Amino acid sequence: MAEDGEEKLLATVQHIVKTLGRTDTMTEDILKVFSNYDGRLSLDKLYATRAAAAAAAVVAAGAGAGEHSMPPSPPMPAPPAVPSAAAAMPAVTSLERTVRTLDRQISQFVTMERLIWADSADADAFLEAVDDLIGTVQELDAAGTNRGLLDRADELLSRCMARLEDEFRALIERPDDVAPVAPGGFASDESEEEDYDADDGYGDEPIPIAKPVSDFDVVIDALPPGSVSDVHHIARRMVDAGFGRECAEAYAVARRGFIDESVARLGIRSRTVDEVHSFPWEELEFDIARWIPAFKMVFRILIPSERRLCDRVFDGLAPYGDLAFIAAVRTQALQLISFGDAVSAASRAPERLFRVIDMYEAVRDLLPDLDPVFSDPYSAALRAEVSAVCNTLGSSIKGIFMELENLIRRDPARVSVPGGGIHPITRYVMNYLRAACGSRQTLEEVMEGDLGGLGGAAIAVDPDRPTSSLAVHIAWIMDVLHKNLETKSKIYRDPPLASIFLMNNGKYIIHKVNGSELGILLGDEWMKQMMSRVRRWSLEYQRGAWAKVLSVLQTGGPGIGSLPGKALLQKLRMFNGYLEEICVIQSEWVITDEQLREDVRAAITDSVKPAYMGLIARLKSSPEAAQDLFIKHTPEDVELQIQHLFEGVSK
């Protein structure tokens, strides 16, 4: 029955051709149309059927003449021979038959509604047909004799590539195979609902924030080995067909969604430069705290894993693997880099130093690991961008130190510290520098100008090198602070209190420098100079505060030139007044360092007590003064009162 149907179909086609094919060209065009319409109507069959029909017509005409014979008539001249349509058709070449066969085979696959790779047998058959078509196109192109057939084969090849691209992307985008699982995981946790933000610009559903990752020696296998093999086979065909760039772009589009989602799960949002510059420091600090682990995660795990996947998918297909890799990761990488640039260019307030150091160290430490990842010419520019942001962060650290100097200089000398205590600027600067020197290695390389641009090893820190750039810079800051404190000391109307103020602040500076990296950087010579200053300020205090007391206690020796008894009594009364005045005033003064306080008290006692005891002894030995002598303060009382000085308490 099938054969009868095919014969009827062929007969119908021949009738249509006979009716409409007024010329040989029209006949050939009609036959080609039918051959493209149905696989059973191949040009070979149509030509063979047409030739058989023409032969049968000739035989039938001869038989009819034999049955109805008539008297012979004079021979007529033979009409000019008209070639049949079949005879006029050009011979079908093997390449034409190949293209027709491939067209039928490939059309079955490209029109499938399901994935071809859902069935491995279909996938193998399709790839085999694609290989044959690529070879045929190359052969036709080399021959250059049948442009029409080449165009037809090229059109068929384009259809193949479009379908292969769809299959390629579908295989890469399997969601079950590309979930970003790393140590700590990205899984959400109901107990951490505070990390969710429903109104975060990413849609109605909250995006879970990744838990901290401490181990970055991880590779994400985004696709199972079988899928990698499948997409590699597709990529090889697309490259062989001259569609390498389209394949690379398809890969990038398919993988970009995964990378974008992974970065979003790390809690990173795109920020413009204006936003970064206008944010309050507390909000910006929060963003930086998220940026640092996200930067490490992306550049230590996500991007190297993407490079590994690209190298496997495009194995032996350079440079398309490099193109696909950089197109997939560039957007998110630049987003992270641009945030670092924006922070570098933002305010250089001193409190930002420590977060900027953290950012700098995060970038610097991964630079050497980026060389094998960004080794090709297409990704070298991105490697340079990472190096550049490291430089800008280093420059920002330098700028923040300069701003610290300006902050000290601009700190006004308006209000004195009660009791000559430690000024807030001294506490701030010393605690700041001490904390900053916790990152001495980083500060050394930044100040030396080695900003990690080459990604090499950090410079070695010499523990006995107080002449390094950092040491010179800190010594300069200390000098600026010293001058600022001297200016502030002039606010005090009482010079001895000004000396107490300088003593307190100088001793605090020594305390903060001792036993820290600051001591190493500033060196022993600087420390000796600072201690000498404190001793000088102590002596200036003693001379200024107790000079008149010691002067009044001077009695001269016995004999010629000795003071009369009444004069000695007057000195005693003056001493009592001076002592009581000093104790009232200086009990409100403060010496914060306990050892320094004891040393100053001891020095005063050693000067005053013996002189006072000498005055009392002279008074007792003077007959003129002995009868009116009243000793209000014993030497022990004087010592006790001195011991209560500098406690900062109003008596």
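Let's start inside helix 6, where the buried residues are D122, A123, F126, L127, A129, V130, L133, I134, T136, V137 and L140. Keep in mind that you are looking at a predicted model. These buried residues pack against three partners: helix 5 (94-110), helix 7 (147-172) and helix 8 (225-240).

How far apart are the end C-alpha atoms of helix 6? They are 35 Å apart, and this agrees with the 34 Å that its 24 residues (120-143) should span at 1.5 Å a residue. Both ends of this helix have a detail to look for. At its start, a side-chain oxygen of D119 comes to within 2.8 Å of the backbone nitrogen of A121. After the helix comes G144, which has a positive phi, near 65°.

Is K571 buried or exposed? Buried means under 20% relative accessible area, and K571 counts as buried because its relative accessibility is 16%. Leaving aside residues up to four places away in sequence, K571 touches S551, V552, Q554, L563 and L615.

Next come the salt bridges, of which the structure holds 33. Here are three of them:

| Salt bridge | N to O distance |
|---|---|
| D369 and R300 | 2.7 Å |
| D411 and K488 | 2.9 Å |
| E517 and R440 | 2.8 Å |

Let's take these pairs one at a time. In the salt bridge between D369 and R300, D369 lies in helix 13 (residues 353-370) and R300 in helix 11 (residues 281-313), so the pair ties together parts 69 residues apart in sequence. D369 is partly exposed at 43% relative accessibility, and R300 is partly exposed at 23%.

The side chains of D411 and K488 also meet in a salt bridge. D411 sits in the loop between helix 14 (380-410) and helix 15 (424-436), while K488 belongs to helix 17 (residues 469-489), so this pair ties together parts 77 residues apart in sequence. D411 counts as partly exposed at 23% relative accessibility, whereas K488 counts as buried at 2%.

E517 is partly exposed, with a relative accessible area of 31%, but R440 is buried, at 7%.

Salt bridges can also share partners: R307, D311, D322 and D376 are joined into one network in this way.

Key:
Residues numbered from 1 in each chain as written. Predicted model: local features only at pLDDT ≥ 70, side-chain atom pairs only at ≥ 80, totals over all residues. Heavy atoms only, no water. Helix = DSSP H or I, 4+ residues; strand = E, 2+ residues; numbered from the N terminus. Expected span 1.5 Å × (residues − 1). Buried < 20%, exposed > 50% of the residue type's maximum accessible area, 1.4 Å probe, protein only. Contact = heavy atoms within 4.5 Å. Polar contact = N/O pair within 3.5 Å; in protein donor to acceptor, adjacent residues only side chain to side chain. Salt bridge = Lys/Arg side-chain N within 4 Å of Asp/Glu carboxyl O.
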